[in-house]
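Subject: Structure for you to look through

Dear colleague,

Here is the structure I promised to hand over, and below it you will find what turned up when I went through it. Please keep the sequence and the 3D view open beside this message as you read.

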Amino acid sequence: MLKGKNVLLGVTGGIAAYKSVELASRLRKAGASVHVIMTRGAQNFVTPLTFREITGNPVTTTMWGEVTNHNVEHIALANLADLVIVAPATANFIVKCAMGMADDMLTTTLLATKAPIFFAPAMNSNMYDNQLTQRNLDVLIENGWNFIPPESGHLACGVEGVGRMPEPADIVDFVRFTMAFAADMLGIKVLVTAAGTHEPIDPVRYIGNRSSGKMGYAIAEAAKKRGAEVILVSGPSALTPPEGVEFISVESAEEMREAVLERFSEADLIIKAAAVADYHVRDVADQKIKKNEDEITLVLKKNPDILKELGEKKRGGQILVGFAAETQNLLENAKAKLEKKNLDMIVANDVSRKDAGFNTDTNVVKLLYKNGTMEELPIMTKHKLADELLTKILHMKN
Ligand code: C5P
């Protein structure tokens with residue numbers, strides 16, 4: 001993934017600059033051509049000569065020097081770069097970029113480049129925690145910069161806290177992972193359903209289930225990050241909808257059905273991670289039910305099976321993925337649903353496990369495909385699983 005790429009490595013004046021030498025070396029070993037720009041501060045920690053030797057390329061240290069080597073005029077590196085990594089990124093550098101300043105070669109180049117930018121803040125933990133720094137970080141993140149979170153531990157200034165630059169190998173992994181997934185879902189429209197539904201009993205009560213929405217929200221977020229256009233239809237959930245997705249909030253299964261049917265035809269991929277109630281209360285009380293009786297009876301009526309309806313309406317090219325939460329006979333039940341609902345894939349999870357299913361951060365699933373094959377995935381976080389699922393679905397599509 002880094003092979004043959006022009007990577008611009010910006011080094012600013014923090015003690016972690018010494019680690020950037022190893023970062024440059026790892027990037028070069030991964031096949032990238034590494035071009036370093038150092039700020040004046042950085043040169044107090046490491047010499048340009050070190051980076052020149054490690055990268056085999058000239059190192060840029062000033063905007064004003066004689067142009068002797070390759071095309072280093074003004075914004076040449078901004079255009080040349082396929083990818084930019086600034087590590088370490090000091091508080092001073094971060095605020096300058098957040099304000100759009102261009103007062104040295106690095107800030108000027110970053111303002112001019114269209115390449116993806118990664119930055120790894122590294123500083124004293126009080127400086128890092130300061131609201132001013134946090135606000136500046138937010139500005140850069142909102143501007144599309146990829147934030148590589150600092151680690152906590154022993155800092156050079158003698159304190160323990162957050163602010164340490166991650167190890168170079170971890171930075172390379174972070175960049176690889178992000179770049180590998182970036183934009184492989186461009187042009188794909190995804191409809192995701194998430195969380196449980198609430199079936200009203202009276203104006204203040206409902207029947208619900210334990211679904212938190214974590215799995216569906218993670219899928220919506222992952223698809224969005226990979227460039228998809230995402231519609232998230234969600235039952236009640238405590239989670240914040242991911243940035244940039246179209247969010248439709250519903251309460252009951254019937255409301256979810258209406259929202260999903262309205263948007264179904266425009267979606268290329270439909271992932272139904274919602275735990276839709278199978279029954280609703282037939283006669284919803286207009287007023288709050290009083291506790292006058294020792295016993296009351298609620299009659300429950302079957303809800304429409306949204307997924308089954310979608311399976312019947314599915315057009316060529318559309319992919320339909322369902323979830324099967326079971327406490328017993330997982331595979332047989334999942335297989336039956338896959339067929340009955342005309343799905344392309346079903347994600348089967350055994351919700352009797354403690355580390356899987358409702359309201360956990362991890363999940364353990366088996367994937368069943370339309371062609372009869374089955375794949376078992378190891379335990380992983382719902383975020384990781386969301387990415388794995390999308391990758392599997394994209395492969396299925398091609
Ligand atoms: O049949 P069962 O409810 O176990 O199937 C689960 C799958 O069907 C999930 O993907 C769920 O979102 C979907 N479903 C639905 N409408 C229902 C019940 C379930 O779309 N009424």
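**Aromatic pairs**

The count comes to 5 aromatic pairs, and please bear in mind throughout that this is a predicted model. In one of them, the ring centres of Phe119 and Trp145 lie 5.5 Å apart with the planes at 80 degrees, and because planes over 60 degrees apart count as edge-to-face, this pair is edge-to-face. Phe119 belongs to strand β4 (residues 117-121), while Trp145 sits in the loop between α7 (131-142) and β5 (146-147), so the pair ties together parts that are 26 residues apart in sequence. Phe119 counts as buried, at 0% relative accessibility, and Trp145 counts as buried too, at 9%.

The pair of Tyr217 and Phe247 is also edge-to-face, since the ring centres are 6.4 Å apart and the planes stand at 65 degrees. Here helix α9 (residues 214-225) contributes Tyr217 and strand β12 (residues 246-249) contributes Phe247, so this pair ties together parts that are 30 residues apart in sequence. Tyr217 is buried at 5% relative accessibility, whereas Phe247, at 34%, counts as partly exposed.

You will also find that Phe93, Phe119, Trp145 and Phe147 form one aromatic cluster.

**Domains and pockets**

The domain assignment of the protein gives domain 1 (6-180) and domain 2 (189-397), and the centres of domain 1 and domain 2, taken over C-alpha atoms, are separated by 42 Å.

Which domains supply the lining of the largest pocket? At least three of its residues come from each of domain 1 and domain 2. The largest pocket holds about 1,200 Å³ of space, and of the 29 residues that line the largest pocket, Asn146, Thr178, Glu221, Lys224 and Lys225 are the closest to its centre. At least two lining residues come from each of α7, β5, α8 (168-181), α9 and α13 (382-397), and the lining divides into 14 nonpolar, 6 polar and 9 charged residues.

The second largest pocket holds about 880 Å³ of space, and it is lined by 36 residues, of which Ala274, Ala275, Val276, Asp278 and Phe323 are the closest to its centre. Its lining takes at least two residues from each of α9, α11 (306-313), β16 (319-326) and α12 (330-340), and it divides into 16 nonpolar, 10 polar and 10 charged residues.

With best wishes

Methods
Residues are numbered from 1 along each chain as its sequence is written. This is a predicted model: local features need pLDDT of at least 70, side-chain atom pairs count only at pLDDT 80 or more; totals for chains, interfaces and linings use all residues. Side-chain values use heavy atoms; hydrogens and water are left out. Domain bounds come from an automatic or database domain assignment. Rings of Phe, Tyr and Trp (its six-membered ring) pair if their centres lie within 6.5 Å; planes under 30 degrees apart count as stacked, over 60 as edge-to-face and the rest as tilted. Helices (H or I, at least four residues) and strands (E, at least two) are DSSP runs, numbered from the N terminus. Buried means under 20% relative accessible area, exposed over 50%, partly exposed in between (1.4 Å probe, protein chains only). On a 1 Å grid over the protein atoms alone, a cavity is a set of points where a 1.4 Å probe fits but cannot get out, and a pocket is an open set with protein on both sides within 12 Å along at least five of seven lines; lining residues have an atom within 4 Å of a point. Grid points are joined across faces, edges and corners, and a volume is the space filled by probe spheres set on the points. Ala, Val, Leu, Ile, Met, Phe, Trp, Tyr, Cys and Pro count as nonpolar, Asp, Glu, Lys and Arg as charged, and the others, Gly among them, as polar.
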